[in-house]
Amino acid sequence: MDYQQLHAQRRSHPAWRLLAADHAPMIASFLHHVFVVPNVRTIARQQLVSQLDDHLYQLHQVSGETLFPKSAASYLDDWASDERGWLRKYYPAGDDEPHYDLTSSSEQALEWLQGLGQRAFIGTESRLMTVFDLLKQITDGTELNPRARIAELQSRRADIDAQIAHIREGHLTLMEPTQVRERFLQMAATARELLADFRALDQNFRTLDRSVREQIATWDGGKGELLQQIFAWRDQIADSDEGRSFRAFWDLLMSPARQDELSKLLAHVMALAPIRELDPDTRLRRIHYDWLEAGEVTQRTVARLSEQLRRYLDDQAWLENRRIMELIRQVEQKALAMRGQIPEADFASIDMAGADLGLPMERLLYTPPFKADLRAAVVEEASATIVTDALFEQVYVDQGRLTSNVRRALQTRSQVSLAAVIAEHPIEQGLAELATYLKLATQDVAAMIDDEGTESIAWTGGDGRQRQATLPMVIFTLRDTNHEE
């Protein structure tokens with residue numbers, strides 16, 4: 001951290017520019033209230049503009065004057081510009097409304113400003129115990145001598161046995177309220193720092209994604225060389241200490257048993273009297289869900305990077321398109337070179353705009369003309385007497401009326417026989433009406449015909465005589481049983 005480095009950071013680093021901005025209190029307070037406090041990763045433009053309007057209105061009401069004359073949308077565009085870099089403006093997939101996200105540099109500035117406040121409680125014991133625990137973990141994890149590791153584990157077991165015996169004797173040692181509060185505050189600070197780490201990790205992957213897109217857009221070599229370079233970058237991040245730590249953290253957090261254990265621990269700790277005296281943020285109860293949400297944002301960034309590579313690999317016409325573009329450029333360059341050389345003679349000439357072609361297959365075949373054979377003939381008047389009464393004595397059976405009779409009969413039962421339907425609605429048009437019922441049973445209405453059983457149906461004809469017909473058992477049903485599965 002020398003002079004030249006600090007001088008360059010003062011001009012280019014977004015966090016430093018935010019701290020040195022004229023309206024830094026307004027900007028920092030708004031970004032902290034909207035993004036950091038509720039742990040929101042992305043907000044749509046209209047929603048963010050509305051929240052900034054409310055924030056500016058409150059500031060103007062408190063001060064009694066207009067301190068910030070620009071509109072909320074103008075401020076957001078200014079904060080998301082390359083000169084500021086305090087917000088990231090982007091368009092999600094399938095959405096035409098821009099969204100905003102807080103950058104990692106802005107969150108660093110907000111954390112530094114938040115740390116400037118006077119802390120009500122400064123704990124040292126818990127941090128010292130943390131130092132001892134970390135040193136022990138490093139020592140035990142790097143010990144190569146099996147006997148030394150076994151001796152250390154036996155020593156811990158002896159301490160645990162001694163504590164169990166001490167408790168069985170009735171001596172239960174509890175933490176002091178100060179110790180409880182100290183460790184809780186350290187836990188809360190570490191939990192919030194994890195959220196900031198997720199945003200920084202997401203920024204690293206976005207930087208890699210942007211670099212990949214730029215390389216693909218400007219690459220002139222072969223696909224193999226580009227993919228080798230891209231995968232080298234990705235492996236470098238994934239195999240780094242940061243990438244390995246994130247994978248281990250994500251695997252641990254995605255364990256359902258660990259999530260249940262963490263929820264129970266948080267609920268138990270938040271219910272303690274010393275913790276309730278601190279009036280902690282209730283959102284700490286679900287801090288692990290905030291971690292999951294932040295981790296999913298990072299995972300989606302990695303997925304977009306993979307999708308970009310897949311699209312590049314699936315582009316089978318990439319080389320062909322490149323060759324076409326080269327030919328077009330050559331034609332344009334030659335046309336520009338010939339622009340000042342106007343030929344004196346005709347450059348090209350044609351006799352007519354189009355050729356007059358007569359294809360043999362387009363000619364129609366010979367069709368003999370049709371001549372009607374017209375002959376004069378005398379129509380003789382007929383003298384025979386024709387009986388036309390049969391034309392006016394036709395019987396028409398209303399098929400819709402018979403269908404309605406069957407459906408009304410099925411309203412109160414699941415099946416009904418043809419004899420029962422005729423009993424309720426006697427035959428009026430004789431055998432033709434009975435034949436129409438049979439037609440309905442075979443075509444239009446769901447029915448079953450039992451050839452083994454018979455039924456007799458009687459009716460009164462038009463001449464007043466009783467008639468009777470014996471036919472197979474016909475049963476109408478609510479649905480077609482022939483198509484049951």
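1. Contact, throughout this note, means heavy atoms within 4.5 Å. The structure is a predicted model, and the points below should be read with that in mind. On that definition, helix 17 and helix 19 touch through a set of residues from each side. Helix 17 contributes Gln 399, Arg 401, Leu 402, Thr 403, Asn 405 and Val 406. Helix 19 contributes Glu 433, Thr 436, Tyr 437, Lys 439, Leu 440 and Asp 444. Sorted by class, the residues of this contact are four nonpolar, four polar and four charged.

2. The geometry of that pair is as follows. Helix 17 spans residues 399–409 and helix 19 spans residues 431–444. Their axes come within 10 Å and cross at roughly 70°. Angles of 65 to 115 degrees count as roughly perpendicular, so helix 17 is roughly perpendicular to helix 19. The crossing of helix 17 past helix 19 is right-handed.

3. Some totals for the chain. The protein chain has 485 residues, of which 27% count as buried. DSSP runs give 19 helices and six strands. Among contacts with a separation of 6 or more, 65% are between residues 24 or more positions apart.

4. Helix 3 (residues 24–36) takes part in two of the helix pairs described here. In the pair with helix 6, the axes come within 10 Å and cross at roughly 105°. This angle makes helix 3 roughly perpendicular to helix 6. The residues that meet are Ala 28, Leu 31, His 32 and Val 36 from helix 3, and Leu 110, Leu 113 and Gln 114 from helix 6. By class, the contact has five nonpolar residues, two polar and no charged.

5. The other pair is helix 3 with helix 4. Here the axes are 11 Å apart and the packing angle is about 130°. Helix 3 and helix 4 are therefore oblique to each other. Their crossing is right-handed. On the helix 3 side the contact is made by Met 26, Ser 29, Phe 30, Val 34 and Phe 35. On the helix 4 side it is made by Leu 48, Gln 51, Leu 52, His 55, Leu 56 and Leu 59. These residues divide into eight nonpolar, three polar and no charged.

6. His 55 deserves a separate entry. What is the relative accessibility of His 55, and is the residue buried or exposed? The value is 14%, and His 55 counts as buried, because the cut-off for buried is under 20% relative accessible area. His 55 sits in helix 4, which covers residues 45–63. Setting aside neighbours within four places in sequence, His 55 is in contact with Met 26, Ser 29 and Phe 30. Met 26, Ser 29 and Phe 30 also belong to the helix 3 side of the contact in point 5.

7. Ser 104 is located in helix 6, residues 104–115. The relative accessible area of Ser 104 is 11%, so the residue is buried. Which residues does Ser 104 touch, not counting those up to four places away in sequence? They are Arg 199, Ala 200 and Gln 203.

8. Leu 284 is in a loop, the one between helix 13 (273–277) and helix 14 (287–314). With 3% relative accessibility, Leu 284 counts as buried. Not counting residues up to four places away in sequence, Leu 284 touches Phe 184, Ala 188, Arg 192 and Leu 266. Leu 284 is 97 residues from Met 187 in sequence, while their C-alpha atoms are 9.9 Å apart in space.

9. Ile 475 is in strand 6, residues 466–477. Is Ile 475 buried or partly exposed? The relative accessible area is 22%, so Ile 475 is partly exposed; buried would need a value under 20%. Leaving aside neighbours within four places in sequence, Ile 475 is in contact with Gln 415, Val 416, Ser 417, Ala 447 and Met 448. Ile 475 and Leu 418 are separated by 57 residues in sequence and by 6.1 Å in space, C-alpha to C-alpha.

Methods. Residues numbered from 1 in each chain as written. Predicted model: local features only at pLDDT ≥ 70, side-chain atom pairs only at ≥ 80, totals over all residues. Heavy atoms only, no water. Axes fitted to C-alpha atoms, helices over the stretch in contact; angles between N-to-C directions. Helix = DSSP H or I, 4+ residues; strand = E, 2+ residues; numbered from the N terminus. Parallel < 35°, antiparallel > 145°, perpendicular 65-115°, else oblique. Left-handed = near helix turned anticlockwise from the far one by under 90°. Nonpolar A, V, L, I, M, F, W, Y, C, P; charged D, E, K, R; others polar. Buried < 20%, exposed > 50% of the residue type's maximum accessible area, 1.4 Å probe, protein only.
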